[in-house]
Every structure is written in C-alpha cells, then in structure tokens.
Amino acid sequence: MDAFSLLMLIAFAGVSFGAAATGIIFRPGKWYRQLDKPRWRPPDWLFAPVWTTLYAMIALSGWLVWREAGFAAAVLPLSVYAIQLILNAAWTPIFFGLRRPDLAMIEIAMVWASIFAMIVLFHPISPVAAWLLVPYLAWVSFASALNFSIWRRNPAPHVAKGTL
C-alpha cells in the first residue's frame, strides 16, 4: 500500500468514526435508564465494542470502493456512503438529545435504507466492500427493532416514568 492509499484509509476511518462523535455529546443518561425497555435489550457495555467494530468495517468498505474505482467513477456509491454517515450521526441527537424515539424510528428507517442502497451500489465495484456492510445492516435492523419497542413501550416520547 502506498502512502496516499494509507492516507485515504485514515481519512475514511476519520470520517466514519466522526459519525460516532454525536454519541459523545448526546449520552443516554437518566432519561434513557428510566425508559421501559424490552428484556432482550443488550447490556450497555456491548454497544461500544459493537459500534467500534462496525465503524471500522464501514471505513474499510468505503476505502475499498474508493481504491477500486476512485471518487469520479464511484460518485453515486460514495455519495450514498456520505449520506448514510450523516443519517447515522443524526440518530443519536434525535433519540437521546430530543428524547424522541418516534422521530428516531423514522430516521433509523432512513439509515437502514441507505445502508441497503450502499450494499447494492458497492457490490459491483467491490463485493468484499459490500459484504463488510452486512453486519452493519444486521445491527441496524436489530437497533430498529429495539427503537420500535422502546417507542411503543413509552408512548409519550419526552416523558419517562413521570419525569420531564
């Protein structure tokens, strides 16, 4: 791997992990702890390692497409890549910041659709890049079910068990 290719891998990792920055700002906190959540919800400690692994796979996937086709030849797939990162970053402030599982449900559906589109667009360029995104799609599918369950169990989106 040449120096420019390594620099681009670092850039893809920076952009990918940059989407996680909203998680530093908008933490779950007391509001989330008080929500009625399903028993099948994973323990809190599991989210960080799962997301770290997924962001690394997202970065590698985008880099593989860039390396294979370049920006000019992969403008649509890499644009969808950028859109899904923006959508990914937006979910946390909507769910934890605004305390709106209802709006977050709509938003996570857009995240899911953008990941699916990315897989479809990446596959002809790099099947490996597309397959690297399958665990991400699976996790967001699970997260969607969890988001839906929390929304349905807590009908007033900004209120959790008597708190404002």
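Let me start at helix α6, which runs over residues 101–122 and holds I106. Keep in mind that this is a predicted model. I106 is exposed, because its relative accessible area is 54% and the cut-off is over 50%. What does I106 make together with L98, L103 and M110? A nonpolar surface patch, of about 380 Å².

Now step back to the loop between α5 and α6. R99 lies there. Phi of R99 is near 60 degrees, a positive value, and R99 is not a glycine. As a rule, most residues other than glycine have a negative phi. Is R99 buried, partly exposed or exposed? Partly exposed, with a relative accessibility of 30%.

Next, charges. Side chains of opposite charge can pair when their charged atoms come close. How many salt bridges does the model have? The count comes to 3.

Take R100 and D102. Their side chains meet in a salt bridge, at 2.7 Å from N to O. D102 counts as buried, at 17% relative accessibility. R100 is partly exposed, with 27%.

Then R41 and D44. This is a salt bridge too, and its closest N and O atoms are 1.9 Å apart. Look at the two ends. R41 is buried, with a relative accessible area of 16%. D44 is exposed, with 51%.

The remaining bridge joins D36 to R153, with the closest N and O atoms 3.3 Å apart. This pair links distant parts of the chain, 117 residues apart. D36 sits in the loop between α3 (29–34) and α4 (44–73), while R153 belongs to helix α8, residues 134–153. What about exposure? D36 is partly exposed, with a relative accessible area of 29%. R153 also counts as partly exposed, at 38%.

Some charges sit over rings. The charged end of K37 is over the ring of Y32, 4.6 Å from its centre. The charged end of R152 is over the ring of W151, and there the distance to the ring centre is 5.2 Å.

That brings us to the aromatics. The structure holds 19 aromatic pairs. I will show two.

First up, F12 and Y81. Why is this pair called edge-to-face? The ring centres are 5.6 Å apart and the planes stand at 65 degrees, so the pair is edge-to-face; the cut-off for that class is over 60 degrees.

Now W91 and F95. Here the ring centres are 4.7 Å apart and the planes are at 15 degrees, so the pair is stacked. The limit for stacked is under 30 degrees. W91 and F95 are 4 residues apart in helix α5, so about one helical turn separates them. F95 is buried, with a relative accessible area of 2%.

One more point on aromatics. Which residues form one cluster with F12 and Y81? F4, W66, F71 and F122.

Find the D36 to R153 bridge, which links distant parts of the chain. And find the aromatic cluster that includes F12 and Y81.

Technical notes: Residues are numbered from 1 along each chain as its sequence is written. This is a predicted model: local features need pLDDT of at least 70, side-chain atom pairs count only at pLDDT 80 or more; totals for chains, interfaces and linings use all residues. Side-chain values use heavy atoms; hydrogens and water are left out. Rings of Phe, Tyr and Trp (its six-membered ring) pair if their centres lie within 6.5 Å; planes under 30 degrees apart count as stacked, over 60 as edge-to-face and the rest as tilted. Helices (H or I, at least four residues) and strands (E, at least two) are DSSP runs, numbered from the N terminus. Buried means under 20% relative accessible area, exposed over 50%, partly exposed in between (1.4 Å probe, protein chains only). A charge sits over a ring if NZ of Lys or CZ of Arg is within 6 Å of the ring centre and within 35 degrees of the ring normal. Patches are made of residues with over 30% relative accessible area and no salt bridge: like charges are joined within 9 Å, nonpolar side chains (Val, Leu, Ile, Met, Phe, Trp, Tyr) within 5 Å. Accessible areas come from the Shrake-Rupley method with a 1.4 Å probe; for residues, only the protein chains shown count as cover. A salt bridge is a side-chain nitrogen of Lys or Arg within 4 Å of a carboxyl oxygen of Asp or Glu.
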